[in-house]
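Please consult the sequence and the structure while reading.

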Amino acid sequence: MQQTHIVHPIAPLYDKNSRILILGSFPSVKSREQGFFYGHPQNRFWPLLARILNETVPVTIEQKKALLLSHGIALWDAIYSCDIMGSSDSSIRNAVPTDLKGILETSQISRIFCNGSSAGRCFEKYQEKALGMKAMVLPSTSPANAAWSLDRLYEVWKSILA
């Protein structure tokens, strides 16, 4: 498999009431195919978030958007474009960061969380200083992060509501 240059195909999800921003690294092949975040059926993001928020696991994109916005959660990625092989974060080269200023200027974001270390490294390298905000890096919800069970993820991720 060879690297392909991809520009982020999914718009950020947020509104003026968003208080929390969760950043992934870059959308997986499945997410790019579906046109929305965390589209791989084995990614634990949606079941985990539903558990934290004490809600039903959303199935459709509209349900996912409604869940996030009703709880003041914005969602996007740290990388706007890159060269990547498939869905592999470790293959990412020539990353261009997303511009987060627009989200921060038109919402009430006061806390930023990164879903996994790749997103955390990108945020720290390209965005932290420019925004004057730090992000808390949480363990990845990706199925590739098999060392973390859903219960372990929940214990750490529930801090987004603190």
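A residue is called buried when its relative accessible area is under 20%, exposed when over 50%, and partly exposed in between (1.4 Å probe, protein chains only). By this criterion, both Phe 45 and Trp 46 are buried. The model is a predicted one, in which local features need pLDDT of at least 70 and side-chain atom pairs count only at pLDDT 80 or more, while totals for chains, interfaces and linings use all residues. Residues are numbered from 1 along each chain as its sequence is written, and side-chain values use heavy atoms, with hydrogens and water left out.

A pair of aromatic rings is described by the distance of the centres and the angle of the planes. Rings of Phe, Tyr and Trp (its six-membered ring) pair if their centres lie within 6.5 Å; planes under 30 degrees apart count as stacked, over 60 as edge-to-face and the rest as tilted. Phe 36 and Phe 37 are both buried. Phe 45 and Trp 46 also form an edge-to-face pair, at 4.8 Å centre to centre and 90° between the planes. One aromatic cluster comprises Phe 36, Phe 37, Tyr 38, Phe 45, Trp 46 and Trp 157.

Charges are also placed over rings; this requires NZ of Lys or CZ of Arg within 6 Å of the ring centre and within 35 degrees of the ring normal. Arg 51 lies over the face of Tyr 154, at 4.2 Å from the ring centre. Arg 152 is placed over the face of Trp 148, at 3.8 Å from the ring centre.

The chain as a whole contains 6 helices and 7 strands, where helices (H or I, at least four residues) and strands (E, at least two) are DSSP runs numbered from the N terminus. Their order from the N terminus is β-β-α-α-α-β-β-β-α-β-α-β-α. In the loop between strand 2 (20-24) and helix 1 (29-34) lies Ser 28. Ser 28 counts as buried because its relative accessibility is 19%.

Along its principal axes, the C-alpha trace of the chain spans about 40 × 35 × 30 Å. Buried residues account for 46% of the 162 residues. With contact meaning heavy atoms within 4.5 Å, 66% of the contacts between residues at least 6 apart in sequence join residues at least 24 apart.
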